[in-house]
Amino acid sequence: MLYSTNKRSPNVSFREAVLKGQASDKGLYIFDKIPLISNEEIFDFKSLNLKEIAFEILYQYLEEDFTEKILKNIINKALNFPIPTKLITDNNYICYLDKGPTCSFKDVGARMLASFMEYFLIEEDIKTIILTATSGDTGGAVAQAFHNKKNIEVIVLYPKDEISTLQRKQMTTLGDNITAIGINGKFDDCQRFAKNAFADSDLSQLNLTSANSINIGRLLPQAIYYFKSYSDIIEHKNEKVIFSVPSGNFGNLTGGLIAKRMGLPVKRFISAVNENDEFPSFLAKGYYEKVQPSRVCISNAMNVGHPSNLARLIELYNGHLDEEGNLLKNPDINEIRNDIISYSITDEITKETIIDFNNKFDILIDPHGAVGWAALLRYQNEFPTEEAIKSINFETADPAKFPEQIINLTHKHPKIPNSLEIIRQKKETQISLEIANYHDFKTFLQKNF
Ligand SMILES: *Cc1c(COP(=O)(O)O)cnc(C)c1O
């Protein structure tokens, strides 16, 4: 069962939680019990591949929702790309989460969610429309993940003049059940249109759903690669490791916290944020304040001034944060501080890290991964004895997605991965619609869906 962090709506099954996205009391769904995996079993994951580990973890939660065969089928289709972990130096590793179709870590959660949803919708014989607003990356991952899924239409709203050609093409070259709409405005306008549409009773028969990172179907699969990367590098049973996690909406980190509760031996999580420092400042001061408006940094997928998954994190430590960001009950802050240390990394340091990393290791990292690496170095500087502990650092996007920055800083041209090259060469099959106000958008929805 799952309950809402606001505790004012009924408990639901995984199926209901996936189909609803958010609870009606505006809280986030969270499992009432977290299954425990023994150290022996975790050590034995060393002999399993990614898909097998994914099954072992997910089946603990989803035994009642899927047969073994169906769950394996879903995993096989969704996780059809590798998640390798490579030694960089001494005890420090990078786990590459950027090998999916849109070269972003969001592919993991979005693809699993798409497959879960499709299965449930077919079973229930209902249709849904996924409406999502994007500032760039999420839209591509969602569009690619839901492309040709049955019983699902996808509408993505993006700020027409504020995203790169490649980002746009990830949404506009698919066709079929994917409709990409360029808005004459900013990301905030896209979000406002989506919000208005969800609340608009004239549109209720469209069965609109969101596919953002608050959906538990997207969050839970993000525990998988913590187990996978861990089992790739450890030598002893119960060996503890450090994870450095580039964080924006804190979905990635929350996946890790769930893995730890399931028994994964984690010494510490480093939550690496850019100049949006609401979380490290919360850990330091003990009270929470959003960063408003959010600060613009080069690690743009992390420009978040109030992380949507923070309510879950606070709940895991027995506190209550409501949807507006009010801390209604204090969590056990010392326990959080024990598990997580958080550093804010400036753009200047991020850029230096990209340059240094290339000079030292002859490897390019993207701005998000660089924030994570910089935070690891700060941690090891503060706690020198912990350099003896292995660390896993997530690379959350391919550097080729940020060519100008990378070329400017390193004078190297990042190699374009196959999946991006394919998208680059594709024709845009639908001219993006240009809609300037909510009324036009609503009329468009009513006419076409
Ligand atoms: C979304 C994203 C992040 C942040 O992940 P959260 O789960 O929102 O904390 C980091 N890097 C990249 C490339 C992303 O797309």
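**Note on the predicted model**

1. Leaving aside neighbours within four places in sequence, K127 is in contact with L121, N151 and N207, contact being heavy atoms within 4.5 Å. K127 sits in the loop between helix 5 and strand 5 (128-133). Helices (H or I, at least four residues) and strands (E, at least two) are DSSP runs, numbered from the N terminus. With a relative accessibility of 62%, K127 counts as exposed; the cut-offs are under 20% relative accessible area for buried, over 50% for exposed and partly exposed in between, with a 1.4 Å probe and protein chains only. From K127 to K51 the C-alpha distance is 29 Å, and the two are 76 residues apart in sequence.

2. On the basis of the values: this is a predicted model, in which local features need pLDDT of at least 70 and side-chain atom pairs count only at pLDDT 80 or more, while totals for chains, interfaces and linings use all residues. Residues are numbered from 1 along each chain as its sequence is written, and side-chain values use heavy atoms, with hydrogens and water left out.

3. Strand 5 contains T132. Is T132 buried or exposed? At 5% relative accessibility, T132 is buried. Residues up to four places away in sequence not counted, T132 touches V142, I155, V156 and L157.

4. The chain has 19 helices and 15 strands. Its radius of gyration is 21 Å, close to the 22 Å from the globule rule for 449 residues, so the chain is as compact as a globular protein of that length. The radius is taken over C-alpha atoms, and the rule is 2.2 Å times the number of residues to the power 0.38. The C-alpha trace spans about 65 × 50 × 45 Å along its principal axes.

5. Of the 449 residues in the chain, 59% are buried. Among contacts with a separation of 6 or more, 74% are between residues 24 or more positions apart. The accessible surface is about 18800 Å², and carbon and sulfur atoms account for 46% of that area; the areas come from the Shrake-Rupley method with a 1.4 Å probe.

6. The structure holds 28 aromatic pairs. Rings of Phe, Tyr and Trp (its six-membered ring) pair if their centres lie within 6.5 Å; planes under 30 degrees apart count as stacked, over 60 as edge-to-face and the rest as tilted. The ring centres of F14 and F116 are 5.2 Å apart and the planes stand at 90°, so this pair is edge-to-face. F14 is in helix 1 (residues 14-20) and F116 in helix 5 (residues 106-124), so the pair links distant parts of the chain, 102 residues apart. F14 and F116 are both buried.

7. F243 and F394 make a stacked pair, with 5.9 Å between centres and 15° between planes. Which strands does this pair tie together? F243 lies in strand 9 (residues 241-246) and F394 in strand 14 (residues 391-395), parts that are 151 residues apart in sequence. F243 is buried at 0% relative accessibility, and F394 is buried with a relative accessible area of 1%.

8. Helix 11 (residues 251-261) has nine of its 11 residues buried, so it is largely enclosed by the rest of the structure. Among the buried residues of helix 11 are G251, N252, L253 and I258.
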